[in-house]
Amino acid sequence: MCEPSPPLGAGGLWAEAKKGVSDVYKSVVQLILTIGKARTFDKVLPPPFLGAFDAEKITFLPYNAIQEIFYQNDFNWNVAPSNHETKEFKQVYDKVKTTIENETLLFFYEKDDQELREFIKTNFVVGNAATSKIRIDKNNFITIYTKWLAAVKPTIIFNWEVAKKNGIIDADFYLADLLSSENQSLKDTLYVLLKKDYYEFEKTLNEMGIFDLKRTSFNDKQKAHTQFWNKYERPPKEQYWDYIVERRDLLVPQDVRERKGSFFTPQIWVELSQEYLAKVLGEDWQDEYYIWDCAAGTGNLLTGLTNKYNIWASTLDRQDVDVMKDRIQNGANLLESQVFQFDFLNDDFAKLPKGLQEIINNAEKRKKLVVYINPPYAEATDGIGQGGKKTDVSKETKMYVKYGEVLKKAKNELFAQFLARIYKEIQGATIANFSTLKLLQSSNFVYFRQFFLAKLERMFVVPANTFDNVVGQFPIGFMIWHTQQQVKFEQIAADIYVEKKKLVGKKNIVALNEKEYVNHWIKQFANNENNFIGFLAYLGNDFQHNGEIRMCSIKPTSHISTLALNRHNLLPACVYFVVRHCIKHTWQNNQDQFLYPSDTWLADDEFHNDSLTYTLFHGKNLISANLGTNHWLPFTEQEVQPQGKFESSVLTNFMLGKLKIEETATMFQPVGNLKREKIVFSAETQAVFEAGKKLWIYYHQTVKKLPIAANKEVINASLYDIKAYFQGRNAAGKMNNKSADEKYNELLADLRESLEVLAKKIEPKIYEHGFLKR
């Protein structure tokens, strides 16, 4: 035991220390026996806390919670505190066990680091005798929720997977805990309520008109629950209650969030969308039009609307309906009778409120209906990020079956199913929706665009990462469609906004037909010759898939398209590679499509040479001598001095004009002159070769004295092999980002810098030859 000196007094700590990992309850009992034996409390003013700690954790117990034990009669305090087998030890253990479990504040150094620091900072102040717990507010309630998931959720007796299908999620139990005092939930409108030592949920009216309640409790007699909440001050200040309940979407699991569309639309974009609606429909649009948000969530998209008598809000989630109705009690401008649970992708319109049915069933009234939504973005091919695959939520709906034949691949997207039903079954309405730009640009939406004939009146785009729970660099658009005008979408100039609602320009968005995409172009260069020198792996037609574009030695086994490379299609493959990689991916161009080019590229020798050079030295060229003969060596032995002869000189002979290739029966015949004459490189490409040469020379100088120097894989090393040698790999086999060799890092940086200069030179050619449109 570590006894404090008297000056520490009430601001100190009496604690028991143990090596390794120990039983903290026994440590606290040992500490109590030590204090009782020494009558320390008679000599020094006791501190606010007792403690016990080991290599893993530390626990704090308020002194006043156990002080009465020191005044027991007929107790032998002379036993050895370290002997856990004495009847006195067991007697104290039994007596204080419940107190310890209920009052102990337990912190693990690693996972509770921030809370422990805050606890010490707040409580261990000279003169501060009161226990201060960590306060919860709108900034930290999500962080505390993640800790609650690990500490408390496993102790609640519940079938979470079954419950999730019925709309009950762990966040509802967390909110019941959070918004409580003395383990009693304070808001009766919550879907789950904490009632001291159990939870109540799913209140239903039985045949006798009496409410039935389901309940559940804990598998550890509420021990973990108590210990967890001992660290935090409950409830938060009342000023945060409504915000926390309204932002329940932040606590929704990722798969449920995507299925239900719980991507909380930031208020800044809600306001902007309503400004655009006023520009298109007129200043009095809220009085002249009916509004239905059929994917309302907790209703934030409707914030700011003024005429509650014209607004309907529906959502898949019953809990979200309860949240909206609770918001109405706190001033939200909605009518309870027009807020309802409705599964838009499965339920029949006969389930809608009578007033809304009258609008939908009346052709003239439909013309005055605005379906205003931010629908869910989940698709059948989305993964869960943990090596598994998410349930194909988009395939579980009636709309998937009903419209699947006309939508083709687009049927996999939930938001496409929403739009298809609105367009077909509420014909004449105005659609005002947030979504990705796939429906306007993607090759998977070609048939959707043939089906969805409506005039896109106006739109803006914003960065997706300004939306809560959305990660990634891509645009989300807000679009206003007139379904009365059956027009196939072809092109629009969308306004571009960034943070703080700043307008930064226009984005030209163009729709394409099925055979106008770049992947349709590259497929024509496939041939049956067997003398392959590698493979081009490619996927998708847009910028977001550029990370998948690579050169490799063997054919990938993943679900990706490939082009086997030989003398007839090497240059077209390099052109494709450079087109996909030389312009950086940004949130604005994420879904821009690469196009089937004009024929002007065929005669542009310099463009071909630049493309070949860029491909040879780019980081996505994964050709490796460890996987077969390396035909991609850009230098001769005389230039880089390896410890043996190269296995292949195909590429250098080609560049020197020594490689004789028959022009007949090749798909590259229109530019046959390139196969015979020595390639003349521009200043920018020469700079890349020079930087690359220095890297190759340094590599061969470095390995020269090593036993591996004469290995054929070392002699014929590719750029990828050189990087792997210097940078090494982590335990998972992934190449490290940097090397400990600073000279190598410097040479690689020079190579990358020269590539960036070359990319800037190539970029205008990509537009000139029609691979992209501005």
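This briefing walks through a predicted model, from the whole chain down to a few sheets, helices and single residues. Local features are reported at pLDDT of at least 70 and side-chain atom pairs only at pLDDT 80 or more, while totals for chains, interfaces and linings use all residues. Residues are numbered from 1 along each chain as its sequence is written, and side-chain values use heavy atoms, with hydrogens and water left out.

**The whole protein**

- Of the 774 residues, 55% are buried, where buried means under 20% relative accessible area, exposed means over 50%, and partly exposed is in between (1.4 Å probe, protein chains only).
- Take the contacts between residues at least 6 apart in sequence: 68% of them join residues at least 24 apart. Contact here means heavy atoms within 4.5 Å.
- The protein exposes about 35,400 Å², and carbon and sulfur atoms supply 48% of that; accessible areas come from the Shrake-Rupley method with a 1.4 Å probe, and for residues only the protein chains shown count as cover.

**Cysteines**

- There are 0 disulfides in the structure, a disulfide being a pair of cysteine sulfur atoms within 2.5 Å.
- Cysteine 294 counts as buried because its relative accessibility is 2%.
- Cysteine 582 is buried too, with a relative accessible area of 8%.

**The S1-S2-S3-S4 sheet**

- This open sheet has 4 strands in the order S1-S2-S3-S4, with mixed pairing; two strands pair if DSSP finds at least two bridges between them.
- Its edge strands are S1 (13-17) and S4 (105-108), each pairing on one side only.
- From one strand to the next, the twist averages 20°. For angles, axes are lines fitted to C-alpha atoms (for helices, over the stretch in contact), and values run from 0 to 180 degrees between N-to-C directions.
- Strand S3 (residues 57-62) runs antiparallel to S4, joined by 4 bridges, and isoleucine 58 stands opposite phenylalanine 107 in S4.
- Helix H4 (residues 113-123) lies across S2 (49-53), S3 and S4, at about 130° to S4.

**The S22-S21-S23 sheet**

- Here 3 strands make an open sheet in the order S22-S21-S23, with antiparallel pairing.
- S22 (550-552) and S23 (561-565) are the edge strands, and each pairs on one side only.
- The twist averages 25° from one strand to the next.
- Strand S21 (residues 534-538) pairs with S22 in the antiparallel sense over 3 bridges, with alanine 537 opposite arginine 550 in S22.
- Helix H21 (residues 570-581) packs on this sheet and touches S21, S22 and S23, its direction making about 140° with that of S22.

- All of S13 (residues 311-315) is covered: 5 of its 5 residues are buried.
- Ile311, Ala313 and Thr315 are buried on one side, and Trp312 and Ser314 on the other.
- S12 (residues 290-293) runs parallel to S13, with 3 bridges joining them; isoleucine 291 has isoleucine 311 as its bridge partner in S13.
- S13 also pairs with S14 (residues 339-341) in the parallel sense over 3 bridges, and the bridge partner of serine 314 in S14 is phenylalanine 340.

**Helix H17**

- 11 of the 12 residues of H17 are buried, so the helix is largely enclosed by the rest of the structure.
- Among those buried residues are Gln417, Arg421 and Glu425.

**Two residues to look at**

- Valine 192 sits in strand S8 (residues 192-195) and is buried, at 0% relative accessibility.
- Valine 192 and phenylalanine 173 are 19 residues apart along the chain, with their C-alpha atoms separated by 5.9 Å.
- Not counting residues up to four places away in sequence, valine 192 touches Asp172, Phe173, Ala176, Ser185, Tyr199, Glu200 and Phe201.
- Lysine 620 lies in the loop between helix H22 (605-617) and helix H23 (637-640), and at 28% relative accessibility it counts as partly exposed.
- Leaving aside neighbours within four places in sequence, lysine 620 has contacts including Arg550, Met551 and Phe577.

Definitions and conventions: Helix = DSSP H or I, 4+ residues; strand = E, 2+ residues; numbered from the N terminus.
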